Amino acid sequence: MVPDIGRGSRTHGLLVYLYGPGKREEHTDAHLVGSWDGFAPDPGHGTDPQATLARLTAALDLRVKQAGDRAPAKHVWHCSVRTAPGDRRLSDEEWNAVAQRIVHATDIAPDGDPDGCRWIAVRHAEDHIHIVATLVRGDLRNPRLNYDFNKAQAECRRIEKEMGLRRLNAGDGTAAKNPTSAEKFKAERTGRPETSRETLREAVRQAVAGADDEKEFFTRLHEAGLRVKVRHAPSGDALGYNVALPGDRNRHGEPVWYPGSKLAPDLSLPKIRLRLTDGPAERATPPEAVSTANWSPPARARRSATGIAERAAVLLDHDDDGEAAAQLVGIGELLDALAQTSPAATRTELAAAARSFERATRSHVRAEHADTWALRSAARGIVQAGGALGRGEDGGTTAMLVSTLVLVTLAASRWHSARGHAQQAHASRQAAEHLRAAYRQAAATPMRVLHDQGRALPEAERRTHEATIRAVLPEQKRQADSPSPKTDALVATLAQVEQAGHDPEALLRQAIDMRELDTAADVNDVLVWRLRRIAQLPAHPGEVTRRPQADTRPTKTSASRTSERNAPVAAVRPAASEPRSRPPRR
């Protein structure tokens, strides 16, 4: 059950809309289901609807006129209450009970208070009602409406439980403001796919992603085509900012401005400054950037970001809530950067993932923003590298990064669930689903090539690598016992790991130990991308492999690995940056 509260100044105008046909003829059988005294005139059940509507308006506005100048300018309180899709149809009597509980919970008309505000509840559809109240009490004082939306939300959660309705996630006051009905109607009327508020929120988020300072943030807003108005103090310091879409004007022909804080709580200028002033987004060159210099800038940036995202997932399992909250903010920036620079094939799903995860970046846990520098650096690198192609190494590294981000968002869901953040946990799971869809698109070609390469291996070599998988990967997680395209891809990657001078078994163990695999939809896929990253293999198997500089230590041959398979595993494993050299072939 979802409440939506607004304020206005025209009682008669709102009633005309509620009892009218609606914007798209969607209003049917408009009638009262409840009122302040149970005897309010109902324009839906009379012989002269216009006269009855005038009488109802006069009754609601009686105390407003009596209060005169003491009445609030926006004296109309309007709350729509809607059941969730799939809920049963409520009767008029049940909707009346819902309305009475809402006006009581919000202090509009507390139970047993003869001076409560006058209100009515109008029903013109099966799934919702509209509560209209005028904000002057019988004693001509204004009601106390502090946190009325939060109170209505909490009461709706109790109503859902008692009436057996679908129980929605409770909010915590950190969500971004939803578009108003007027904004939705305007977007539909002007042919926009979403409201101006939603478009601007996404544009501002993307401008923040990896920005190095305030000047760069405002430059990005201008480059995105937004109208920007900065508010200054007498000293000249910026106090805040407003943004507007070009061509979006009100009825007076003026731009419709939105302050950053009204787009989302963390998009106010002071909150953005916390991110920008904790240190430059770009502090160090990731170690992988040097050894992948022959790849395109987008590919290098995505490969570097993958390792940083892996570390963020590990930090989400630590006990430091402030650090974990900071990682969530950084992951949000990384998703925003990835969405705006990805090829068309994956951009839609990645943008949807970024929009969903935006809710997961805010809670009442204070983020230690100094801990976001690595992720902000990764986001900055992706933005500066520019748009990626959907093929070759660009497409492969996109799949590599997205595969990791799926596990990161699921880790975020667990973190939020453990702290009772229901909405944020749900948003994280939604982001993971969008990322999985984007991954399937990005990984289709490289995984198909790897499958073909795995099937083309000599039988003896293939059997050796399958035996390695069975020996190292826990039985409940492996799929090598029944060959499949995904197993073929892992086998092909192990063969390329060995060809590049590494010990396949040691690197496979390292990939498994990097992070849990329980939440992976396909363990083989995850291990393929981990191996290709830590072994410095091209993300796209069709690219030329750069053989890393080998050290002087001998590597195990396939035969020696088979003979030592039952021996204890060494406590110290070789690092990815220290690949083993292979003996010369004779």
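A: Buried means under 20% relative accessible area, exposed means over 50%, and partly exposed is in between, with a 1.4 Å probe and protein chains only. This is a predicted model, where local features need pLDDT of at least 70, side-chain atom pairs count only at pLDDT 80 or more, and totals for chains, interfaces and linings use all residues. Residues are numbered from 1 along each chain as its sequence is written, and side-chain values use heavy atoms, with hydrogens and water left out.

Q: How many helices and strands does the protein chain have?

A: The protein chain has 21 helices and eight strands. Both are DSSP runs numbered from the N terminus: helices are H or I with at least four residues, strands are E with at least two. Of the 586 residues in the chain, 54% are buried.

Q: Which residues are buried in helix 2?

A: Thr-52, Leu-53, Leu-56, Thr-57, Ala-59, Leu-60, Asp-61, Arg-63, Val-64 and Ala-67. An α-helix has 3.6 residues a turn, so residues three or four places apart point the same way.

Q: What covers the buried residues of helix 2?

A: The cover includes helix 1 (11-19), strand 4 (119-123) and strand 5 (128-134).

Q: Where does helix 2 bend?

A: At Asp-61, by about 50 degrees. The bend at a residue is the angle between axes fitted to the seven residues ending there and the seven starting there. Just after helix 2, Gly-68 has a positive phi of about 60 degrees.

Q: Now the sheet. What is the order of its five strands?

A: The order is 1-3-5-4-2, in an open sheet with antiparallel pairing. Two strands pair if DSSP finds at least two bridges between them.

Q: Which strands are at the edges?

A: Strand 1 (2-8) and strand 2 (31-35), each of which pairs on one side only.

Q: How many bridges join strand 1 and strand 3?

A: Seven, in the antiparallel sense, with strand 3 covering residues 76-82. Arg-7 has Trp-77 as its bridge partner in strand 3.

Q: Is Cys-79 buried or exposed? And Cys-156?

A: Cys-79 is buried, at 0% relative accessibility. Cys-156 is buried too, with a relative accessible area of 0%.

Note on methods
Contact = heavy atoms within 4.5 Å.
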